[in-house]
Amino acid sequence: METPKTKKCKFCQSDIPQKASVCPQCGKKQGGKAKWIIGVIVVLLIFSALAGGGEKPASSAGENTPVAENNTATEPSQTEAEETTPVEIMEISPAELLASYEANEVKGDSLYEGKTMRLSGTVGSIGKDIVEEVYITFAGEDFAITSVQCYFSDEAQIEKVMELQEGDAITLVGVCDGKFGNVLIKDCVFE
């Protein structure tokens, strides 16, 4: 198959020689693909320089990590010890947790954020948030604006949520994630 010997001018639509970089009719440059390719490469380089480029921490695997001498097989490693250490579960009522955060959110975070807690109470509402995460709230005072909102990520737990109704008595364990409108409890599991 033979390649065409002419092309159309990008501006005046006249037939011009295939290799012409300037139209003989209108005198305008035809531009090439090279400037687009160079532009894309420059943008990619800028993006990769902004996104990457951070230094690796000195403690990354294989780099200057100290090795313990006389490590015997009978001593558990630090990660094994952490895995076998039971998590302390704090007992607190939803009303007490909410009241603490309402009184002083900074102190509430200091006392409860990141802590695993067991909460017992009555289901106030069941729903999904704006990103489709399943939650329940504990019933509180009439006309209360805020509540304790408990999120579920495990499918088996979500199936249990589907069986609930407002007013049901429940007990669950989860991790306090601070206050953002409501006091948030994440990774909840029914007991």
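Mentor: What follows takes up the pocket, the salt bridges and several individual residues in turn.

Trainee: What kind of model is this, and how are residues numbered?

Mentor: This is a predicted model, in which local features need pLDDT of at least 70 and side-chain atom pairs count only at pLDDT 80 or more, while totals for chains, interfaces and linings use all residues. Residues are numbered from 1 along each chain as its sequence is written, and side-chain values use heavy atoms, with hydrogens and water left out.

Trainee: What volume does the largest pocket have?

Mentor: Its volume is about 250 Å³. A pocket here is an open set of points on a 1 Å grid over the protein atoms alone, where a 1.4 Å probe fits, with protein on both sides within 12 Å along at least five of seven lines. The volume is the space filled by probe spheres set on the points, which are joined across faces, edges and corners.

Trainee: Which residues are closest to its centre?

Mentor: Leu-98, Gly-140, Glu-141, Ala-144 and Thr-146 are the closest, out of 13 residues that line the largest pocket. A lining residue has an atom within 4 Å of a point.

Trainee: Which helix gives the most to that lining, and how do the lining residues divide by type?

Mentor: Helix 3, residues 94-103, gives the most, with four residues. Helices are DSSP runs of H or I with at least four residues, strands are runs of E with at least two, and both are numbered from the N terminus. By type, the lining has nine nonpolar residues, three polar and one charged. Asp, Glu, Lys and Arg count as charged; Ala, Val, Leu, Ile, Met, Phe, Trp, Tyr, Cys and Pro as nonpolar; and the others, Gly among them, as polar.

Trainee: Staying with helix 3, is Ser-100 buried or exposed?

Mentor: Ser-100, which is placed in helix 3, counts as buried because its relative accessibility is 19%. Buried means under 20% relative accessible area, exposed over 50%, and partly exposed in between, with a 1.4 Å probe and protein chains only. Not counting residues up to four places away in sequence, Ser-100 touches Gly-108, Leu-111 and Tyr-112, where contact means heavy atoms within 4.5 Å.

Trainee: Changing topic, how many salt bridges are there in the whole structure?

Mentor: The search finds four, each being a side-chain nitrogen of Lys or Arg within 4 Å of a carboxyl oxygen of Asp or Glu. One of them pairs Arg-118 with Glu-91, their closest N and O atoms being 2.2 Å apart. That pair links distant parts of the chain, since Arg-118 is in strand 4 (residues 116-128) and Glu-91 in strand 3 (residues 89-91), 27 residues apart.

Trainee: What else does Arg-118 pair with?

Mentor: Arg-118 also forms a salt bridge with Glu-191, with the closest N and O atoms 2.5 Å apart. Glu-191 lies in the segment after strand 8 (182-190) and Arg-118 in strand 4, so this pair ties together parts that are 73 residues apart in sequence. Glu-191 is exposed, at a relative accessible area of 57%. Through shared partners, salt bridges join Glu-91, Arg-118 and Glu-191 into one network.

Trainee: Where is Lys-115, and what does it touch?

Mentor: Lys-115 is in the loop between helix 4 and strand 4, and is partly exposed, with a relative accessible area of 35%. Leaving out residues up to four places away in sequence, Lys-115 touches Met-90, Ser-110, Gly-174, Val-175 and Cys-176. The C-alpha atoms of Lys-115 and Met-90 are separated by 7.4 Å, although these residues are 25 residues apart along the chain.

Trainee: Last topic: what is the phi of Gln-13?

Mentor: Phi of Gln-13 is near 65 degrees, a positive value in a residue other than glycine. Most residues other than glycine have a negative phi. Gln-13 is in the loop between strand 1 (6-8) and strand 2 (15-17). Asp-187 is also not a glycine and has a positive phi, of about 55 degrees; Asp-187 is found in strand 8.
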